[in-house]
Amino acid sequence: FASEEERDRAAQEALAPLVGNSGVGLLAKLYHADSAFRLGELDAAVAGFDEVLEAMSPSDNLYFLAVERCAYAREAKGDLEGALQVWGRLSGRSGFYADRAAFHRARLMQADGKQQEAVELYARFEESFPESSIKDTVQKRIALLADEGVTPPPSNEADADTDTDPDTDTDADPDTDTDTDTDTETDTETDTATETAADAHI
């Protein structure tokens with residue numbers, strides 16, 4: 001072929017008679033939509049990808065590819081909300097490409113000006129996919145947002161640590177007991193404090 005455009009148009013013509021909603025026909029529909037995407041025919045591409053996703057099982061080996069291409073096509077149209085919804089099809093899933101889906105959802109939030117929501121998703125990404133091959137990219141985006149004054153909220157665990165300090169428990173001091181043996185009133189106060197501290201550890 002003399003150009004990529006010529007190749008993609010030839011592919012569309014060859015695939016068109018094979019397009020269907022199952023088996024080889026569904027595969028042909030996926031690549032037919034992808035050819036439209038590469039040619040800049042975004043409406044046709046999105047329509048084709050949507051049909052593929054409706055017909056394809058989420059367990060299909062090509063499901064991730066269909067989600068990716070459909071989300072990219074919607075993003076190219078300027079439909080960021082639609083792209084987010086498409087990536088959401090992979091939300092909560094594990095295994096191959098789950099980390100990419102989570103990253104792209106955060107990236108789209110950031111592109112849409114929703115910086116706080118984006119940084120929170122990036123922070124969750126680090127917790128959910130600590131071994132991801134794209135974690136460095138996520139960390140760089142978190143750092144860039146931090147430079148703009150956008151940071152994720154403190155974790156619940158961190159909040160809990162600041163609410164209570166285990167070192168502030170009121171335990172009885174044995175030296176005090178020794179010094180106050182002759183003072184009945186002081187002994188009574190010390191015993192009460194000891195019982196209170198013991199109750200706090202139950």
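Trainee: Where does Pro153 lie?

Mentor: Pro153 lies in the loop between helix H8 (135-147) and helix H9 (156-163), where helices (H or I, at least four residues) and strands (E, at least two) are DSSP runs numbered from the N terminus. The model is a predicted one, in which local features need pLDDT of at least 70 and side-chain atom pairs count only at pLDDT 80 or more, while totals for chains, interfaces and linings use all residues. Residues are numbered from 1 along each chain as its sequence is written, and side-chain values use heavy atoms, with hydrogens and water left out.

Trainee: Which residues is Pro153 in contact with, leaving aside its neighbours within four places in sequence?

Mentor: With contact taken as heavy atoms within 4.5 Å, Pro153 is in contact with Gln116 and Glu120, once its neighbours within four places in sequence are left aside. Pro153 and Ala123, 30 residues apart in sequence, are 9.3 Å apart in space, C-alpha to C-alpha.

Trainee: What makes the pair of Asp43 and Lys77 a salt bridge?

Mentor: The term requires a side-chain nitrogen of Lys or Arg within 4 Å of a carboxyl oxygen of Asp or Glu; the closest N and O atoms of Asp43 and Lys77 are 2.8 Å apart, so the pair qualifies. This pair links distant parts of the chain, 34 residues apart, with Asp43 in helix H3 (residues 42-55) and Lys77 in the loop between helix H4 (63-76) and helix H5 (80-87).

Trainee: Why does Asp43 count as exposed?

Mentor: Buried means under 20% relative accessible area, exposed over 50% and partly exposed in between, with a 1.4 Å probe and protein chains only. Asp43 has 56% relative accessibility and therefore counts as exposed, whereas Lys77, at 44%, counts as partly exposed.

Trainee: What makes Asp99 buried?

Mentor: Its relative accessible area is 9%, so Asp99 falls in the buried class, while Arg100, its salt-bridge partner at 2.9 Å, N to O, is partly exposed at 27%.

Trainee: Which residues have the most contacts inside the largest nonpolar core?

Mentor: Such a core is a set of buried Ala, Val, Leu, Ile, Met, Phe, Trp, Tyr and Cys residues joined through side-chain atoms within 4.5 Å. The largest has 40 residues, and those with the most contacts inside it are Phe49, Leu53, Val67, Trp87, Leu90 and Tyr122. Helix H2 (23-38), H3, H4, H5, H6, helix H7 (115-128) and H8 each supply at least two of its residues, and H4 gives the most, with seven.

Trainee: Why are the buried residues of H1 placed on the same side?

Mentor: The buried residues of H1 are Asp8, Gln12 and Leu15. They cover an arc of only 80° around the axis, which puts them on the same side of H1, the arc being that of the directions from the helix axis to the C-beta atoms. On the other side of H1, Glu13 and Ala14 are exposed.
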